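Please read the following briefing alongside the sequence and the coordinates.

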Amino acid sequence: MKRIVVKVGSAVLTQDGTIALQRMQDLVDFLAELKKKNEVILVSSGAVAGGYTKLKLDRTIVANKQALAAIGQPVLMGKYARKFKNYKILTAQVLVTAVNLEKDDDIQRVRNTVETLLGHGVLPIVNENDATSTDELEVGDNDQLSAYITNNMDADMLIILSDIDAYYDADPRKHTNAKALKKVHAIDPQELSRAVTPHNVFATGGIVTKLKAAAYLLEHDKEMFLASGFDLTDVKSFAIDKVHKGGTIFTKAK
């Protein structure tokens, strides 16, 4: 049985300032299927967007963003809980901060909690505690968070579901002949220093944060798979049917 971390971003989970319920349902359907033969940990964005559905605050103000996260986290968890209940899957909220992932004792405590949940068939849903985090104490984005969770929770692989369906040899928005790379063994350091360009108002990442997550995992001999969160065909093929049709696998050269 493999242990797999699945990260879904705000660009996938939100649309027009609200939670994209059908995409969330598609995600839950996929995770329920994946969980039949694997241990699954979900790292989910969407708390701030969930809060925005209840209270329209300017999220560029830090205090407002933290308030929206506080409002939205139970909204998000409630929606997940109801959808997973149809599969008789119990979910649990695990909120972490950067501090929890810097100290061995704290990492061990988080690991103990996650191990206990997985041991009882519970699906842990991890998010950064944006309600109380500060710039100095935050991981920064859920791509990085999911990579840290994958490594520190002894998972075998991270799957990132995004509005970016693969890693291309050129920007596909600017170059019509850009080709998706199916397998990547190393990442050019220059790629990691490019400016972050999130596509969604609630997102904090872009391809750069995903490459940083992949580079971190490659350093720790872990694999990462990047695929579309809008159309789950590629990730289902890869993770469930074991056929690599689309998306990018970041893996050490054998």
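**Lysines at the surface of a predicted model**

Lysine 242 counts as exposed because its relative accessibility is 59%, where exposed means over 50% relative accessible area, buried under 20% and partly exposed in between (1.4 Å probe, protein chains only). This is a predicted model, in which local features need pLDDT of at least 70, side-chain atom pairs count only at pLDDT 80 or more, and totals for chains, interfaces and linings use all residues. Residues are numbered from 1 along each chain as its sequence is written, and side-chain values use heavy atoms, with hydrogens and water left out.

**Confidence**
- The chain averages a pLDDT of 89, with 91% of the residues scoring at least 70; pLDDT is the predictor's confidence in each residue, from 0 to 100.
- Among the elements of the chain, the highest mean pLDDT, 98, belongs to helix 9, and the lowest, 77, to helix 7 (residues 189-192).

**Lysine 242**
- Lysine 242 lies in the loop between helix 9 (233-239) and strand 12 (248-250), helices (H or I, at least four residues) and strands (E, at least two) being DSSP runs numbered from the N terminus.
- Although lysine 242 is not a glycine, its phi is positive, at about 60 degrees.
- Together with Lys2, Lys37, Lys183 and Lys254, Lys242 forms a positive surface patch, for which residues need over 30% relative accessible area and no salt bridge, like charges being joined within 9 Å.

**Lysine 88**
- Lysine 88, in the loop between helix 4 (62-85) and strand 5 (91-96), has a positive phi near 60 degrees and is likewise a residue other than glycine.
- The relative accessible area of lysine 88 is 79%, so this residue is exposed.

Methods
Patches are made of residues with over 30% relative accessible area and no salt bridge: like charges are joined within 9 Å, nonpolar side chains (Val, Leu, Ile, Met, Phe, Trp, Tyr) within 5 Å. Accessible areas come from the Shrake-Rupley method with a 1.4 Å probe; for residues, only the protein chains shown count as cover. A salt bridge is a side-chain nitrogen of Lys or Arg within 4 Å of a carboxyl oxygen of Asp or Glu. Lys and Arg count as positive and Asp and Glu as negative; His and the chain ends are not counted. The place of a charge is taken as NZ of Lys, CZ of Arg, CG of Asp or CD of Glu.
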